[in-house]
Amino acid sequence: MQKAARALFLSTALLAAGPLAARAEVPNVVVSIKPIHSLVAAIMQGVGEPDLIVEGAASPHTYSLKPSNAAALQDADVVFWVGHGLEAFLEKPLEALGSKATVVELDDAPGLEKLHFREGGPFEAHEHEGEEGHEHAAEGHDHGKEAEEAHAHGEEAGHEGHEHGEFDMHLWLSPDNARAIAAETAKVLSEKDPANAEAYKANLASLNDKLAALDKEVAETVAPVKDKPFIVFHDAYQYFEHHYGVHAAGSITVSPETLPGAERLTQIRDKVKTLGATCVFAEPQFEPKLVNVVIEGTPAKSGTLDPEAATLEPGPDLYFTLMRSIATSLRDCLGQGS
């Protein structure tokens with residue numbers, strides 16, 4: 001009787017452990033920043049939840065790794081990050097992981113559109129090169145020349161933010177790039193976790209449908225203000241601009257780690273007046289008083305853009321909220337008085 005009871009107990013325990021065992025095989029996934037985490041979370045829906053490193057209102061530009069982040073990386077099977085040009089704080093920790101985890105640098109994802117830096121951010125060097133240079137500044141399409149000048153500007157200013165490469169790393173602000181990132185995520189996870197490959201494939205198809213609808217919605221939102229110039233806190237919106245045909249005329253600072261001096265703020269204020277820029281946008285992570293200094297004595301309004309989703313709750317819906325928020329902020333501020 002005792003043997004029968006024990007056999008029943010063991011068989012019941014094994015049955016109960018079955019789903020847990022299957023769940024335990026799902027890879028531990030860690031993602032660097034919120035926008036990428038959102039896309040990875042969408043691919044993993046119904047299978048598992050990825051861990052996020054840069055939480056809350058923190059910025060990857062100024063982030064310091066916490067012990068809890070280090071522990072998550074140590075346990076990771078897969079790590080997704082944008083790359084050396086954005087999350088520099090991750091370079092050494094990822095090297096320390098050795099071959100334990102699959103580390104995916106998403107700026108290498110197939111099909112990704114990559115844009116060169118524009119003058120290191122402020123677009124100011126073109127002002128000294130005559131009207132032709134100014135046109136390149138406004139349009140932002142002369143990538144080869146801009147990359148060369150961006151590096152030159154960075155060396156003169158002692159700016160270190162571009163040392164890791166020549167490309168702008170805010171890749172996710174184009175829905176086409178979001179699709180490329182999602183496709184690479186699904187591919188990597190399917191290889192790492194073939195038991196759930198069909199789920200990843202289905203989630204990718206669903207996400208692509210949602211991204212197509214989002215793309216159309218955002219294009220319609222910004223359409224009325226496409227021709228109005230604006231100033232941003234730092235040059236983080238190039239992919240959004242390029243995709244939707246809106247144009248930042250300059251930025252307050254080259255890099256959010258480096259606050260501008262009085263002379264730089266005066267230059268930007270003059271630029272606002274000269275271009276008739278109707279809005280100057282702050283970011284929630286950084287000093288908003290600088291925007292007030294820039295618009296003082298001009299008719300320009302102030303607004304807020306949040307390229308890294310500092311104010312948003314992480315999860316699969318964050319990416320959609322982020323893109324809608326940028327579009328709405330541009331429309332609401334640039335549309336005032338029109």
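A polar contact is a pair of N or O atoms within 3.5 Å. Keep that cut-off in mind for the exercises below, which explore a predicted model.

**Exercise 1.** Find which side-chain oxygen reaches a backbone nitrogen at the start of helix 7, then describe the helix itself.

*Solution.* 
- Step 1: Go to the start of helix 7, where a side-chain oxygen of S174 comes to within 3.2 Å of the backbone nitrogen of D176.
- Step 2: Now follow the helix, residues 175–192, from its first C-alpha to its last: its 18 residues reach 25 Å, close to the 26 Å expected at 1.5 Å a residue.
- Step 3: Look for its buried residues, which include P175, N177, A178, I181, E184 and L189.

**Exercise 2.** Work out how helix 2 and helix 12 are oriented to each other, and which residues make their contact.

*Solution.* 
- Step 1: Locate helix 2 at residues 34–44 and helix 12 at residues 318–334; they pack at an angle of about 135°, with axes 8 Å apart.
- Step 2: Angles over 145 degrees would count as roughly antiparallel and 65 to 115 as roughly perpendicular, so helix 2 is oblique to helix 12.
- Step 3: Helix 2 brings K34, P35, S38 and L39 to the contact, while helix 12 brings L318, Y319 and L322.
- Step 4: Sorted by class, the contact has 5 nonpolar residues, 1 polar and 1 charged.

Terms used
Residues numbered from 1 in each chain as written. Predicted model: local features only at pLDDT ≥ 70, side-chain atom pairs only at ≥ 80, totals over all residues. Heavy atoms only, no water. Axes fitted to C-alpha atoms, helices over the stretch in contact; angles between N-to-C directions. Helix = DSSP H or I, 4+ residues; strand = E, 2+ residues; numbered from the N terminus. Parallel < 35°, antiparallel > 145°, perpendicular 65-115°, else oblique. Contact = heavy atoms within 4.5 Å. Nonpolar A, V, L, I, M, F, W, Y, C, P; charged D, E, K, R; others polar. Expected span 1.5 Å × (residues − 1). Buried < 20%, exposed > 50% of the residue type's maximum accessible area, 1.4 Å probe, protein only. Polar contact = N/O pair within 3.5 Å; in protein donor to acceptor, adjacent residues only side chain to side chain.
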